[in-house]
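Subject: Structure for your review

Dear colleague,

Please find below the structure that I am handing over to you.

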Amino acid sequence: MLIVDAHLDLSMNALEWNRDLTQPVAALNAREAGLTDKPDRGNAVVSLPELRRGHIGLVVATQIARFVAPDNPLPGWHSPAQAWAQTQGQLAWYQAMEAAGEMVQVHNLSTLEQHLTLWADDNMPAETKPIGYILSLEGADSLITVDYLEQAHRSGLRAVGPAHYGPGRYAQGTDATGHMGPNGHALLREMERLNIILDATHLCDDSFWEALDHFNGPVWASHNNCRALVNHNRQYSDEQLKALIARGAVIGGALDAWMMVPGWVRGESTPVGMGCNLAVVVDHLDHICQLAGNTLHVGIGSDLDGAFGREQCPYDLETIADLQRLPNLLAKRGYSDQDIENVLHGNWLRFLRRAWA
């Protein structure tokens, strides 16, 4: 069954991790043997061949570059212009993948339907099919001014998360507090004018409610789990989840172990030791379905290349292709064939068709 994954940091991995994602995962990890500069060296689970093997034909792929002020201890760029330049390098990588036939950008109804037709063609070998990608910006710090958003839109940008971790230039993110302010409101107005999807993921509680109050366009949460199951501000409370459901949002279940199971200690906990397997993400998806009373507001937003790998993902997942184990897990929980189709791709596709109509 076709899977849509609503959150992968492919270009970040290609440029900052120096991974040739056209290679098999085994080749990536072999190349990284002995390296220690990143916490997940030798533990990669994502590459373009593995996406094809798992029939993950459409992804939401990010650009990401944080601006950090002098008093901000987080890693990032020291000026918005540097952050903008980083995202343009990431865009260039996606364009290089398109030129090589490895990927194809999906940015409107026509390109969406063409790509779905291609992936439904059983006469075309899966290993020759390009991975479709919808371009998303994770954290808006790199927009030097709001005026830059129109240029980004012309390059195919179709979703924006105003914040990432910590304080941001347009909103406040995970582990921060506070509101969006005038610049954030201006960003939301321009997003609405351009029909860019608001990705509510990573917004702190204050900025989350403010964004929903000031934005009238389409909203999704590309990769978010449930605070009721893992009590951290990175997750959404039931009240927030209900607000997203009321807006017609789809919420993508994330497979980062610390977001899946409570009590995770970075660098110490292990997926096996914490009982973190693929069934746990079904717990999060099911919690949202119970709040909604249906299966129309959940999907997959794996984040499986978000600066972690096998050391911090479900222990029964060797590569991202193992997302194909989810249908059986959902069926065991009583989900119907239609429910499973909704989760794996139907809800994201319905959302996009409505947003881009």
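The notes below cover the overall fold, the core and the pockets.

This is a predicted model, in which local features need pLDDT of at least 70 and side-chain atom pairs count only at pLDDT 80 or more, while totals for chains, interfaces and linings use all residues. Residues are numbered from 1 along each chain as its sequence is written, and side-chain values use heavy atoms, with hydrogens and water left out.

The protein chain has 13 helices and 9 strands (DSSP runs numbered from the N terminus, helices being H or I of at least four residues and strands E of at least two). Its radius of gyration is 19 Å, close to the 21 Å of the globule rule for 357 residues, so the chain is as compact as a globular protein of that length; the radius is taken over C-alpha atoms, and the rule is 2.2 Å times the number of residues to the power 0.38. Of the 357 residues, 59% are buried (under 20% relative accessible area, with exposed over 50% and partly exposed in between, for a 1.4 Å probe and protein chains only).

The largest nonpolar core holds 107 residues, and Leu10, Leu304 and Leu323 touch the most other members. Helix H13 (residues 337-355) gives the most to this core, with 8 residues. Such a core is a set of buried Ala, Val, Leu, Ile, Met, Phe, Trp, Tyr and Cys residues joined through side-chain atoms within 4.5 Å. Beyond its neighbours within four places in sequence, Leu10 is in contact (heavy atoms within 4.5 Å) with residues including Trp93, Met103 and Asp305.

The largest pocket has a volume of about 780 Å³. A pocket is an open set of points on a 1 Å grid over the protein atoms alone, where a 1.4 Å probe fits, with protein on both sides within 12 Å along at least five of seven lines; lining residues have an atom within 4 Å of a point. The volume is the space filled by probe spheres set on the points. Of the 33 lining residues, Met12, Trp17, His164, Gly306 and Ala307 lie nearest the centre of this pocket.

The second largest pocket has a volume of about 230 Å³, and its lining includes Trp17, Arg19, Glu32 and Arg41. Glu32 lies in the loop between helix H2 (25-31) and helix H3 (48-53), and counts as buried because its relative accessibility is 5%. Leaving aside neighbours within four places in sequence, Glu32 is in contact with Trp17, Arg19, Asp40, Arg41 and Gly42.

Yours sincerely
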